[in-house]
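Take a look at the model below. Follow the backbone before you read on.

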Amino acid sequence: MSALDTGPGEPPHYSQVWTFRTPRARLALWVGWVALAALFVWCWQIMNENTLWIFVTDAPSQAADIGSRMFPPELAYLPELLMPLWDTLNIATLGTVGGVILAVPVAFLAARNTTPSALLIRPVALFIIVSSRSINSLIWALLLVAIIGPGLLAGIVAIALRSIGFVGKLLYEAIEETDARQVEAVTATGAGRAQVIHYGIVPQVLPAFWGISMFRWDINIRESTILGLVGAGGIGMKLQSSIDTLAWSQVATILIVILGTVVVSETLSAKVRRALI
Amino acid sequence: MTANSAYPRRWKRPPQLITTRRWRLTLPLLVVAYLVLALGSLEIDAGRVVEGLSRGARFIQGFLQPDFVSRWQDIRQGLIESLTMTLTATVVGVLISVPIGIGAAHNLSPRPVYLVCRSIVSVSRSLQEIIIAIFLVAMFGFGPFAGFLTLAFASIGFVAKLLADDIEEASASQIEAIRATGASGLQLIHYAVQPQVMPRLIGLSLYRLDINFRESAVIGIVGAGGIGATLNTAIDRYEYDSAGAILLLIIAIVMLSEYGSSYLRKYLQ
């Protein structure tokens, strides 16, 4: 779309300056950017209708204040954190186990090549996966604390319910990617439905299955540290009570413990996954 | 034909994953030992759970018969806060994460810049949204502004890290070619790097928009505005029909944005 100045009988003459985009693309790009900027400004105004700017301008001094209260972290508080930490690990691990156990049948029902009915059952399984994925574990915990009372059980069930979607989605994608020839070979021996899954599909998805479970366990450790904020047990309860009593030096200690746990679980899960794949 | 009769008549599936016999035996033992310990330290108040079942049934009822009307004003306000917060936070987060992402790519940046940017990324990634939100609410007061800052901060780590990884994977020959024409640093990024990573960056931004909306439903619990605050109130008041309505709205919007963003990404690539 460069400028063409063609006189009669002359060969076409192109503009000498090379440009990155055609004028039309440039125009579209600018319109897009302006629209985005306008949308941003509009949203910004709606969002900040009720913002009290006096608090915002006050923030640096608040930050300095909190920072000075947090430092030095109260290390004498550490022994008290061991039991909640054990609880947190249990929430994450038992929650992952529960979630994986629930997710496996859902994944087999959702995968196109193993579902008994693509018309009826597959959409139900997909809906279970989507709704479990779109609700954060903290919201699950909030609900479960209201229903079955505060404590570890609510946390475990929340983690399990949240994990169904994640594990189910990745697992059913892995099942759909399995090699159809191996499945066919097993079917050709006269194997029944369950035997086909056992000998044809399970060996193919097993490494993916353990990898996904480890990955989810790592995420769950991270999430279970904060479930206590809504009363679902673990180290988050300690965090909540320290924040409520404005004991910022204890908060600092808890944050260090949480960060340490997350880093350790992340390296562990990365190691196991690397060994699997 | 002795060789024929010695041939195994029965086939046993070979062990998978763990091929050493010792580990195959000890691992289940370890797992059982852990489960005994963990379940032993679990204190389950069975009476409370049974008592909660009727409440659970009421919640499921509320979920099946959601009440959008009676709290519509609050829900509307929460949704507007969530959506505006999501958009502004994503835009600001992506704008900030572009220079940080370029800085954190080792094929473009000098070593000190690389280290600084990588550490910004890892700080932003290792802290959870909700913990950041607690601090920012304490500093900036309640409301969506603190939520906006939280989401923007969290977006930086996510987008910058993936962008940096993507830039590092960009074809070196194209960068070399543009560099050979005598291009300056900015021109290098504009003509060699940007065309290669732009589709990915747009995809990442859309994905992050999606995540930010989900997170905006959560950080309201600690006072950072948005639909989460409304949901928290509804559950605290045991108004399960309103809570069900909010959850359904969240699921619907998440599904919509997921499909929309995957469609857009496919269209752009």
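Chain A of this predicted model has 11 helices and 0 strands. Its pattern along the sequence is α-α-α-α-α-α-α-α-α-α-α. The radius of gyration of chain A is 28 Å, well over the 19 Å that the globule rule gives for 277 residues, so chain A is more spread out than a compact globule. Its C-alpha atoms fill a box of roughly 90 × 75 × 35 Å along the principal axes. Of the 277 residues in chain A, 38% are buried. Among contacts in chain A with a separation of 6 or more, 70% join residues 24 or more positions apart.

Now the backbone details. Most residues other than glycine have a negative phi, and most peptide bonds are trans. The bond from Phe71(A) to Pro72(A) is cis, with omega near 0°. Pro72(A) sits in the loop between helix H3 (59–70) and helix H4 (78–110) of chain A.

Two residues other than glycine have a positive phi:

| Residue | Phi | Loop | Other C-beta atoms within 10 Å |
|---|---|---|---|
| Leu246(A) | about 55° | H10 (235–244) to H11 (248–276), chain A | 11 |

Turn to chain B. An unreviewed UniProt entry lists residues 87–109, 130–156 and 243–264 of chain B as "transmembrane region". Residues 130–156 of chain B are 89% helix and 0% strand, with end C-alpha atoms 15 Å apart. Residues 243–264 of chain B are 100% helix and 0% strand, and their end C-alpha atoms lie 31 Å apart.

How values were computed
Residues are numbered from 1 along each chain as its sequence is written. Chains are lettered from A and ligands numbered from 1 in the order in which they are written. This is a predicted model: local features need pLDDT of at least 70, side-chain atom pairs count only at pLDDT 80 or more; totals for chains, interfaces and linings use all residues. UniProt positions are given in the numbering used here, feature names are shortened, and annotations may be inferred rather than shown by experiment. Helices (H or I, at least four residues) and strands (E, at least two) are DSSP runs, numbered from the N terminus. The radius of gyration is taken over C-alpha atoms; the globule rule is 2.2 Å times the number of residues to the power 0.38. A residue is buried if 20 or more other C-beta atoms lie within 10 Å of its own, exposed if 12 or fewer, and partly exposed in between; C-beta atoms are placed from the backbone. Two residues are in contact if their C-beta atoms, placed from the backbone, lie within 7 Å.
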